[in-house]
Amino acid sequence: AGLELSVTDFQSSRNNMRHHTEEITFDHLIVRRGQAFNITLYFRNRGFEPDLDNIIFVAETGPMPDLAKGTRAVFSLAGRHSPSPWMASLETNKASSLEVSLCAPPMAPVGQYLLKVHIDSFQGSVTAYQLGKFILLFNPWCSEDAVFLDSEPQRQEYVMNDYGFIYQGNKNWIRPCPWNYGQFEENIIDICLELLDKSLHFKNDPAKDCALRGSPVYISRVVCAMINSNDDNGVLNGKWSENFSDGTNPAEWTGSVAILKQWHATGCQPVHYGQCWVFAAIMCTVMRCLGIPTRVITNFDSGHDTDGNLIIDEYYDITGRILENKKDTVWNFHVWNECWMARKDLPPGYGGWQVLDSTPQERSNGMFCCGPASVRAIKEGEVDLNYDTAFVFSMVNADCVCWLVHGGKEQRLHRDTRSVGNFISTKSIRSDERDDITENYKYEEGSPQERQVFLKALQKLKTSKSRGHYQADSPSSKPMPRRLNSPSLRPSDVIQVSLKFQLLDPPNMGQDIRFVLLALNMSLQFKDLRVNLSAQSLLHNGSPLPPFWQDTAFIRLLPEEAKTHPCQISYSQYSQHLSTDKLIRISALVEEKSSPEKILVNKIITLVYPTIIINVLGAAIVKQPLSVQVIFSNPLSEQVEDCVLTVEGSGLFRKQQRVFIGVLKPQHRASITLKTVPFKSGQRQIQANLRS
C-alpha cells in the first residue's frame with residue numbers, strides 16, 4: 001500500500017534553539033537559511049522504505065511561488081538527483097516514523113514559507129500533504145550568507161540584544177538614552193513580515209518583490225522606505241515643529257514595540273510622531289528581527305546639504321542671531337543605522353557596515369530612503385558608489401560657511417572645515433559604554449588625507465552633476481542676495497582676538513544659565529570690541545526660533561590681555577521660549593573698531609533634567625514576582641500637571657506600563673513601586689520616561 005502520512009513534528013523547540021530564534025517563540029518553527037533543521041514525519045500504515053517510496057518536498061513563499069524566481073523549491077531526499085539548492089537528507093528511519101534534515105540555501109528569499117510533501121509509492125498513486133508553515137530568516141552565523149558576521153560577541157550585540165542606548169544631546173554633553181528594541185517580543189516578527197508586504201515594491205509586483213527578498217541590500221532599502229510614512233503607509237510620521245497634541249511627542253517614546261504594535265493594530269496607519277532617533281530605533285528592531293546585524297549610530301553636528309556642493313551655508317544678522325535657512329542645516333545630532341552585509345553590487349572591499357537612514361530627508365530613486373551606503377566608501381570619498389553615498393558623506397564631512405546678512409548684502413565670516421561630523425557614536429559590545437567610531441567615517445580632521453578625500457568627493461560630485469546624476473532631488477532655491485568677496489583668512493586671524501563661551505554651572509532645567517565670554521587679545525595693539533550677544537531656542541534639526549535674550553557689551557583689551565565677560569539668562573527669561581528639544585544656542589557677533597572684519601562664536605546648550613532612578617527590589621528570577629521602584633522629581637519652582645510615567649522592559653513587562661501621576665509640587669521628589677513577573681532570563685534593561 002502507498003505510504004500514508006498521519007502527523008508531522010516540526011521540532012520547533014529544538015530547531016529554534018539551534019537557530020538562535022528561541023527568544024522569539026518555541027511554538028512555531030523559525031529557522032535561518034544555510035543551516036539544517038530537523039522534522040519528523042509519522043506514518044499511519046507502515047514505515048518508509050527507501051526502495052519503494054520517493055518523498056519530494058516543496059517549499060513555497062509569497063503569493064505566486066515560482067521555481068524560476070526561487071520562491072518555489074522542489075527537492076527530494078538525498079540520493080535522488082534534484083537541481084534544487086534546497087536539500088533534504090535522511091537522519092533516522094524508524095518503524096513508523098522518519099526524521100529528515102532540511103536546509104534552505106544561504107541565498108534563499110526570507111519570509112514565511114509553506115512546506116508540502118509529495119509521497120510517491122511505486123505501488124500506489126502520489127499523495128500530497130501540507131506539512132505546515134515556517135519562517136526563514138537571514139543567518140549571520142552562516143559563512144555563505146551575505147550577512148555573515150565572524151564574531152560571536154558582535155552577533156550577540158547586533159542581532160540578539162533587545163535593548164541599547166541611543167546617544168543624544170550635543171557634542172559637549174553626550175547623553176545615553178535607553179531604548180527597548182524588543183525584536184523578540186510577541187507578534188513583532190509577524191509585524192516585520194507584514195511591513196515587507198505593505199511596501200510599494202510588493203504592491204507593484206509581489207512575485208518580483210518576494211524573489212528579491214534574499215538580498216540584504218534590497219530588503220534594507222525596502223525596510224528603510226517603510227519606516228517613514230512619506231511615500232506609503234509606513235510605520236512613523238515625522239514631525240519637527242512644536243505641536244504634538246494629536247499624537248505622541250517623539251521624546252516620550254522609550255521603545256519600538258509600542259510603536260510597531262500600534263501601527264499593526266490600526267490597520268497599518270502611520271503612528272504620530274517620530275524624529276531621527278525613533279526612525280533609527282524602529283529600523284534596528286526590524287532588521288535585527290529579520291537577522292541582519294544592525295546598530296544605531298549618532299552623528300553630532302550632522303550636515304544636511306541639499307544641493308550637493310558639500311557646503312552648509314549658515315546665515316546670521318548683525319545681532320548674532322542665526323536666520324532660518326530652508327535649504328542647508330546642521331542638526332545638533334542625527335541618528336541613523338549601520339547594517340552589516342556583503343556588497344556584491346560594488347567593487348571588492350566595500351562590504352561590511354552600510355549606512356541606512358530612514359529619516360525622510362531626500363528622495364533616493366524617487367522614494368524617501370537612504371542607503372545602503374558603504375562606510376568605507378564614505379571614508380575614501382567614493383561618493384559615486386550606490387546608494388546615496390554622497391548625501392551621507394556630506395552629513396559627516398561637509399564644510400560650514402557662515403555669512404553675515406546686512407543691508408541686503410552677504411559678507412562671508414568664515415569657513416569651518418571641522419565643525420560637521422563629530423563624536424560619531426554607538427553602544428559598545430559587551431558593555432553599556434559609548435564607542436566613538438568617527439575614524440570609520442573619515443580621516444582625522446586637519447590631516448592631509450582628510451582634505452584629499454574631501455576634494456576627491458567634490459570632484460566626483462561635479463562630474464556627476466555635469467552629467468545630471470546627482471542623487472538627491474533638491475527643490476530649486478530662491479536667488480540669494482549678492483555676495484561680497486571676503487578674505488581667505490578667518491577674521492580671528494585678521495583681528496587677532498580669540499573668543500570662546502564657557503558655562504560656569506551645569507545647565508540644569510529650572511535654574512539660571514550662567515556663562516562667560518572669554519576674550520584674548522593675541523596682538524600687540526589695543527582692541528576695542530563691540531559684542532552683540534543673543535540666545536535663541538533651536539529645534540533638533542537646526543531650525544532656529546526667535547531670540548528671547550539679547551545684550552550688547554563693550555570690551556577693551558590691552559595687548560595680549562585676557563578678559564571674561566559674565567552673562568546670565570534667568571529661568572523666567574527662557575522658560576516660556578524652550579523648544580521640546582530643550583536646546584539653546586548662544587552666539588556673539590564681535591566687531592573691532594579698526595577692522596571691517598567680524599568674528600562669530602556660538603555654543604549650543606542642552607538643558608538637563610534630573611535623572612529618573614530605578615531600583616530593582618530583590619533578586620529578579622523568571623516566574624517570580626518582582627518589585628521595581630521608580631524615583632523622579634520636579635526641578636522647577638512651580639508645580640507641573642498631568643504627569644504620566646511610562647515604564648517598559650523586554651522580558652520583564654509584557655507591555656508598556658503607564659501610570660498617571662497627576663500633579664508634582666515644586667521641587668518635589670516622589671516614588672512609585674511597580675510589580676511584575678519576569679518571563680525571560682538573561683540581562684535585561686528597564687526604560688522609564690516622565691512627561692507633563
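## A partly exposed arginine and its partner

Arg556 is partly exposed, since its relative accessible area is 47%. This description rests on a predicted model. Arg556 pairs with Asp528 in a salt bridge, and their closest N and O atoms are 2.9 Å apart. The two residues come from distant parts of the chain. Arg556 belongs to strand 27 (residues 544-557), while Asp528 belongs to strand 26 (residues 527-538). They are 28 residues apart.

Is Asp528 buried or partly exposed? Its relative accessibility is 23%, so Asp528 counts as partly exposed. The cut-off for buried is under 20%.

## A pair between strands 19 and 20

Asp399 and Arg415 also meet through their side chains. Their salt bridge spans 3.1 Å from N to O. Asp399 sits in strand 19 (residues 399-406), and Arg415 sits in strand 20 (residues 409-416). The pair therefore ties together parts that are 16 residues apart in sequence.

How accessible are the two partners? Asp399 is buried, with a relative accessible area of 0%. Arg415 has 31% relative accessibility, so it counts as partly exposed.

## A link across the chain

Side chains of opposite charge can pair when their charged atoms come close. Lys680 and Glu23 form a salt bridge, with 3.9 Å between the closest N and O atoms. This pair links distant parts of the chain, 657 residues apart. Lys680 is in the loop between strand 35 (669-676) and strand 36 (687-691). Glu23 is in the loop between helix 1 (12-18) and strand 2 (30-32).

Lys680 is buried, because its relative accessible area is 16%. Glu23 is partly exposed at 22% relative accessibility.

## The count over the whole structure

How many salt bridges does a search of the whole structure find? It finds 35 salt bridges. The pairs described above are among them.

## Helix 2: a cap and a cover

Helix 2 covers residues 152-160. Its N-terminal end is capped by Ser151. A side-chain oxygen of Ser151 lies 3.2 Å from the backbone nitrogen of Gln154.

Which residues of helix 2 are buried? They are Arg155, Glu157, Tyr158, Val159 and Met160. Several elements cover these buried residues, including strand 2, helix 8 (276-290) and strand 14 (294-304). Strand 17 (352-356) and strand 21 (422-427) are also part of the cover.

Note on methods:
Residues numbered from 1 in each chain as written. Predicted model: local features only at pLDDT ≥ 70, side-chain atom pairs only at ≥ 80, totals over all residues. Heavy atoms only, no water. Salt bridge = Lys/Arg side-chain N within 4 Å of Asp/Glu carboxyl O. Helix = DSSP H or I, 4+ residues; strand = E, 2+ residues; numbered from the N terminus. Buried < 20%, exposed > 50% of the residue type's maximum accessible area, 1.4 Å probe, protein only. Contact = heavy atoms within 4.5 Å. Polar contact = N/O pair within 3.5 Å; in protein donor to acceptor, adjacent residues only side chain to side chain.
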